[in-house]
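Dear colleague,

Please find the structure below, handed over for your own work.

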Amino acid sequence: MATGTGRIRVMIAKVGLDGHDRGVKIVARTLRDAGMDVIYTGLHRTPDEVVDAAVQEDVDVIGVSILSGAHMTVFPRILDALKARGADDILVVGGGVIPDADCAQLRALGVRELMLQDTRPEDIVAMVRRVVDARGPR
């Protein structure tokens, strides 16, 4: 179950210098059309900006879209910032271009799920619902 309203709240983030946002806008619209509350941070955010906004917006999930190759830096910084703020009940998922070996490492660090660039929109919706249901109420 999601926070407060009963609707899942998702923050979609583009972190760092990655300037490609067409795909992330499609994901945001897909999640919104599936009945979720969606906040899109826009381009070029820092991990701290994303976490600050996620805490302020009381989201269930942070979804990071990354195509720049900086995933092994970005995700650990987000996870560390969530822990430092006592907000590690906010789930972190990601998508984009991430090598399989790095996906395993990121999951071991605490990223709940990673969906790669060819994932169907309905699978992204199902994944978000699944990880929120698995976490349970906050």
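The axes of helix 1 and helix 5 cross at roughly 60° and come within 10 Å. Axes here are lines fitted to C-alpha atoms, for helices over the stretch in contact, with angles running from 0 to 180 degrees between N-to-C directions. Helices are DSSP runs (H or I, at least four residues), as are strands (E, at least two), numbered from the N terminus. Helix 1 and helix 5 are therefore oblique to each other; angles under 35 degrees count as roughly parallel, over 145 as roughly antiparallel, 65 to 115 as roughly perpendicular and the rest as oblique. Their crossing is right-handed, a crossing being right-handed if the near helix is turned clockwise from the far one by less than a right angle, and left-handed if anticlockwise.

Val27, Thr30 and Leu31 of helix 1 make the contact with Pro121, Ile124, Val125 and Val128 of helix 5 (contact means heavy atoms within 4.5 Å). By class, this contact has 6 nonpolar, 1 polar and no charged residues. Ala, Val, Leu, Ile, Met, Phe, Trp, Tyr, Cys and Pro count as nonpolar, Asp, Glu, Lys and Arg as charged, and the others, Gly among them, as polar.

As to provenance, this is a predicted model, in which local features need pLDDT of at least 70 and side-chain atom pairs count only at pLDDT 80 or more, while totals for chains, interfaces and linings use all residues. Residues are numbered from 1 along each chain as its sequence is written, and side-chain values use heavy atoms, with hydrogens and water left out.

Two further helix pairs may be of interest. Helix 2 (residues 47-57) packs against helix 3 (residues 71-84) at an angle of about 40°, their axes 9 Å apart, and the crossing is right-handed. The axes of helix 3 and helix 4 (residues 100-109) cross at roughly 10° and come within 10 Å, which makes these two helices roughly parallel.

The largest pocket holds about 470 Å³ of space. On a 1 Å grid over the protein atoms alone, a pocket is an open set of points where a 1.4 Å probe fits, with protein on both sides within 12 Å along at least five of seven lines; lining residues have an atom within 4 Å of a point. Grid points are joined across faces, edges and corners, and the volume is the space filled by probe spheres set on the points. The lining divides into 15 nonpolar, 10 polar and 1 charged residues, and helix 1 supplies the largest share, 6 residues.

With kind regards
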